[in-house]
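Subject: Structure for you to look at

Hello,

Here is the structure I said I would pass on. My notes follow below it.

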Amino acid sequence: MSEPAPALGGARAEGYVTVAELPPQGMIAVRGDLSEEGESLAQALADATGGELPDVRGMVQTGRVALAWMSPDEVLILCAYADAPELAGALDAALSGAHALVANVSDARAVFELSGARVREVIAKLAPVDVAAFGPGEMRRTRLAQIPAAIWMPEEGRLRLMCFRSVARYAFDLLEKAADEGAEVGWP
Amino acid sequence: MSTRLATGGRLLDRSRRVSFTFDGKRLSGHPGDTLASALMGAGQLLMGRSFKYHRPRGPVASGAEEPNALVNLRDGDRHEPNQRATTTEVFEGLTATSQNHWPSLDFDVGQVNAALARFLPAGFYYKTFIHPRPLWKHLYEPVIRRSAGLGKAPDPETRDPDRYEHLYAFVDVLIVGGGTAGLAAARAAGRAGARVLLIEQTPHWGGRAPVDGGEIDGQPADDWVAATVAELEAMENVTLRARTMGAGVYDHGYVLAYERAGDHLAAPAGPRHRLWRIRAERIVTATGALERPLAFAGNDVPGVMLASAVRDYVVNWAVSPGDRTVVVTNNDDAYRTALCLKAAGLDVPAVIDARPEGGGRLMDEARAAGIRVETGRGVAKVKGGKRVEAVYTCPQVGEGATVQEIKCDAVAVSGGWSPVVHLWSHTGGKLVWDAAEAFFRPDPDRAPLGDDGAANVIAAGAANGALGPGEILADAHAAGARAAEETGHAPKSDAAPSGDARDEAPLAPVWLMPQGASVKLRQKAWLDFQNDVKVSDVELAAREGYESVEHAKRYTTLGMATDQGKLSNINGLAVLAQALGEEIPQVGTTTFRPPYTPISMGAIAGPATGATFQPVRRTPMHDWHAAHGADWEPVGQWRRPYTYRREGESRADAVNREVKNAREALGMLDASTLGKILVKGPDAPRFMDMLYTNMMSTLKPGRCRYGLMCSENGFLMDDGVVARLDEETFLCHTTTGGADHVHAHMEEWLQTEWWDWKVWTLNVTEQWGQIAVVGPNARKVLEKLGGLDVSKEALSFMGWTEGTLAGFSVRVFRISFSGELSYEIAVPANHARALWEAIFEAGQEFGVMPYGTECLHVLRAEKGFIMIGDETDGTVIPQDLGLDWAISKKKDDYIGKRAQQRSHMADPERWKLVGLETLDGSVLPEAAYATAPGTNANGQRNTQGRVTSTYHSATLGRGIAMGLVHRGPERMGEVLEFPKVDGTVVKAKIVAPVFYDREGTKQDV
Amino acid sequence: MLRLTCPYCGVAAEETELAPGGEAHLARVGPEGNDDAFHAYLFERENPRGVHFERWRHAMGCGKWFHAARCTVTLEVFGTYPAQTTEPPAHIRAAITAKRPGWAWRGLS
């Protein structure tokens, strides 16, 4: 295979918040029943990834792997891009007895990192999210202007946003404009 | 003459000057001036001409309610018409021009309309100019359009260079209005710990209180305002935002606020306007009250102003509207203006008070200050054209017989105050008529409701009908505390700020001055200054049967346009009520709709401009296409190459070249946009049988099948190739635009109908780049790349395999949408461009050329393959397209099956798909209709079919088309006539829709 | 602009994050149904002034379909609940009764 090429080749914009496209991120989508009835599946998932299953809208990072709650029957596993095919295979095998769907979707999205003291404010310009009540440990799926997107904060001052790969340019242009010097608001 | 006073001006920085131009004339003002105050300070009271009669007009008000002083602001790219001079902050270099006049503000030919006013009453355009009809289009309308209207529209060639943005804000309590009421409410809610956002439309806090004087908590109002703002700014949980107007209240506590972040700057560094999209649990409307004018003849002459505005100009901006100002009133408040003018050293010849007994304490103060007060009097008429020269007083109860002429150059009028109830009313808050104050105020028992069914808007202060300073503060404090409490915060027990209690004699409602004014006077008594609506117009509407206030509004234009009747509303409906012999509350108000004052289109668009106007979806190979001459075509939100044009080549030539090359050598198509959805689970086969009209459960792993998907209405919604990956897993390909809605369709059925079925779906469209390698040399290039057995034996037509091709992990589908030998190769998106380039490189020796969507269309049309969106339009069922072979007869059910059994769907008279071959070989026009004998009920030609796809076939060297034709397949060989827009007719023969390789041998080699 | 709480992920979503799906609790009529029943299933919808049941999808979010019980006059939301049910659950009906005694909708009350 070739060197994996992210959608925008690692685009970067320096405003009052810095916006940077991250290198390809390993992502595995798992669909399965995560409710109490699906406890065995959840356990198998946790075992196979070495991660911890998040609560509703939660995201838990364990070592090199993070598990994010996407819906009552979908978990997104974030890992190194190179690890994804093997981990997806292992998961598929581990969950073969259960009713589950595992797919390596590491190429489907673009991921941006916003860094700076006012990362929440930049998101507040584009997404109908109460960013004051949002913080590390949560995966929030929402709308960024006219596209679906999801955001999470690895820690204060850093926020990551993912969207589908085909609209990476649109998302980047929006974020760049919103984070431009002179556009500071002071909210929240 | 209006002029700048030697001292004073609480909002001005008199140590500095800013220069600006008005109609090209260089003028100056001070930082803190509005354009209106600066113009008046420079002696320019005349600011515009009226809409209909082109009457000279000066400002009436000092704020957002201003109907007259509308100007064009800035030049070129930043030009903007109809901006209120009263809310425009001056800055160095500002340019403004007056509008609605020709040739000049001082001399306007259009003023002839005023002479003809008798012939231009309400609704004149509905009756006067009706006959003869042709004259309307060619004479009346052009003339009226030229003379009516307001500002100058921006030049369509210019592009607004400024930026705009949105901001989502979530708060417990939003307080609209930064006067003393808003501040008191914010203080109470803020101290209780609620998350508070306080917005104020002007650049200043405190509202009217500092102008009107008096003390709050024992301090001068200005000091209390400064201290309270400082306290609020220090609170973590409170945000203050000036220059931000509460534009509209919408359902469930959603509020739009319009921040004019850069309007006071020559070129803002950041966004010019910001639209706040606020979700508030409680909304406190501390929006104050607006003073009403009085209706008397000549009340629109420049120099006639609201009494409160006169006070504002003197106190805030040290501007005197005139040297001698007569005050006309029906209430006590206007005496404050008389006293204020006197204190500023200006002359007040008289206060004309319509009340027989006059006023209370304030009247006594005025008399004590040496001001003459005439009670029981009104104004019969104002003398003057471009400027007030005198008023003629008369008994208020009479018909206007003059008692006295009083020389003056300004008139300050007050007809009482009306609470600003707009925001309260936007989501259905009701009003009650307060007969004592003669205004509508919010009815607390019928408040707007939130999603929990509880009242979510609380009116506070003057906006709630409280008019005394002390009453306002107490009411607002309680409103803030209540809002905090209702959002889960415990208000502190501290007392409301204290202010003076109201000490005024009752107002007397005066809707016309004098009470029995003659027709002649009523024809000069303005109600709506902006739209030139007079008392006589409203009375005419009532006589002509426009009894509903909403009808009367539209007939007379009362309360329309940019000011939306902020000054005219109550007076107008009172006149209407009187004319109808009804009470005001029975007539009611017109509907209050957002926005409160006009907001810019830029603010509404926010980031949706230029490159981010809407999402453009790009495939992983997008930049390669761009570098290789792609002419783009939008397909849904995707951009796909239409064709790759070479130097000197026309689009048509390029398409023909690509078609021939794909048929004769080797073509490459970026098919990444096709939707790809995984369907997996023990019930997946059963689910697939419901989704598709075909029998998908019998598809063998390793094989592909073309499938049709219908809606429950029976109509064809999508098509594509399904590959079975294993016993439990299918991969469904959708059309380019279809992935999202097909995936949503699947999830809808699984979640809401068959939730007990064990099936998971996943939209993996964007995970894969997909490359179609098409043509007689397709196998050769893949064999050259190596790693995968693509022989006929190993990978037969309609099979798929996976493995490594040229070192790339791929899945290869042996499917064809062109009729040629064809492989569709799916590769992870981050590697798709590299593989594309590798194939392109390897294909050079086989004559490879990339091809675009138009070539794709020609190739498929030559083969008679349908295209969703061309052959289908939401009314077409698969049976119409001769696709019965793809509809399983063995299945009991599939989505759409029952609908296709409905009598109209099974009707043999339906239009059905055929091929169309022009007799002269030309290309049929797109969407052309085949005519039939006779006409329909509307006198239009009958039709018997229409073209759905039409192309020049490079392969056949002639035009080919498909179309839906009445009983088409039964009519092979018949010739139909297709009229073109130029009046000529093209004849085409009905043929089978497959034009090329009917046996399908070329794709199966 | 409406705000509805997704019963799956708990987000109080504004209307722009949701996709509307028309009336709730329609029973599918398949090939066995007669013309009248099928016509009613496809086309006949309630248009009440008052209590109503609707389908919404948290499209810009967790992707789940849910139902909302809502007053079409005041826009009051009585509750939202998962779509995997053929009729409103008891607690939703109780919530409606508390606010709108005597309500009726199709065969429900």
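**A residue in chain B**

Leaving aside neighbours within four places in sequence, Thr325(B) is in contact with Leu341(B), Asp347(B), Val348(B), Pro349(B), Ala350(B), Ala410(B), Val411(B) and Ala412(B); contact means heavy atoms within 4.5 Å. This is a predicted model, in which local features need pLDDT of at least 70 and side-chain atom pairs count only at pLDDT 80 or more, while totals for chains, interfaces and linings use all residues. Residues are numbered from 1 along each chain as its sequence is written, chains are lettered from A and ligands numbered from 1 in the order in which they are written, and side-chain values use heavy atoms, with hydrogens and water left out.

Thr325(B) belongs to strand S20 (residues 325–329) of chain B; helices (H or I, at least four residues) and strands (E, at least two) are DSSP runs, numbered from the N terminus. Thr325(B) has a relative accessible area of 1% and is therefore buried (under 20% relative accessible area; exposed is over 50%, partly exposed in between; 1.4 Å probe, protein chains only).

**Chain A against chain B**

The contact takes 52 residues from chain A and 52 residues from chain B. Between them the two chains bury about 4300 Å², 58% of it on carbon and sulfur atoms; buried area is the accessible area (1.4 Å probe) that two parts lose on being put together, summed over both. Met1(A), His99(A) and Trp187(A) supply 19% of the area that chain A buries against chain B, more than any other three residues.

Four salt bridges cross this interface (a side-chain nitrogen of Lys or Arg within 4 Å of a carboxyl oxygen of Asp or Glu). Arg31(A) and Glu747(B) meet in a salt bridge, at 2.8 Å from N to O.

**The two domains of chain A**

Chain A is assigned domain 1 (12–23 + 108–178) and domain 2 (25–104); the bounds come from an automatic or database domain assignment. Their C-alpha centres lie 23 Å apart. Eleven residues of domain 1 of chain A are in contact with twelve residues of domain 2 of chain A.

About 1000 Å² is buried between these domains, with carbon and sulfur atoms giving 59%. On the side of domain 1 of chain A, Arg109(A), Met139(A) and Arg141(A) lose the most area to domain 2 of chain A, together 47% of what that side buries. The count between the domains is one salt bridge. Arg57(A) forms a salt bridge with Glu138(A), with the closest N and O atoms 2.9 Å apart.

Regards
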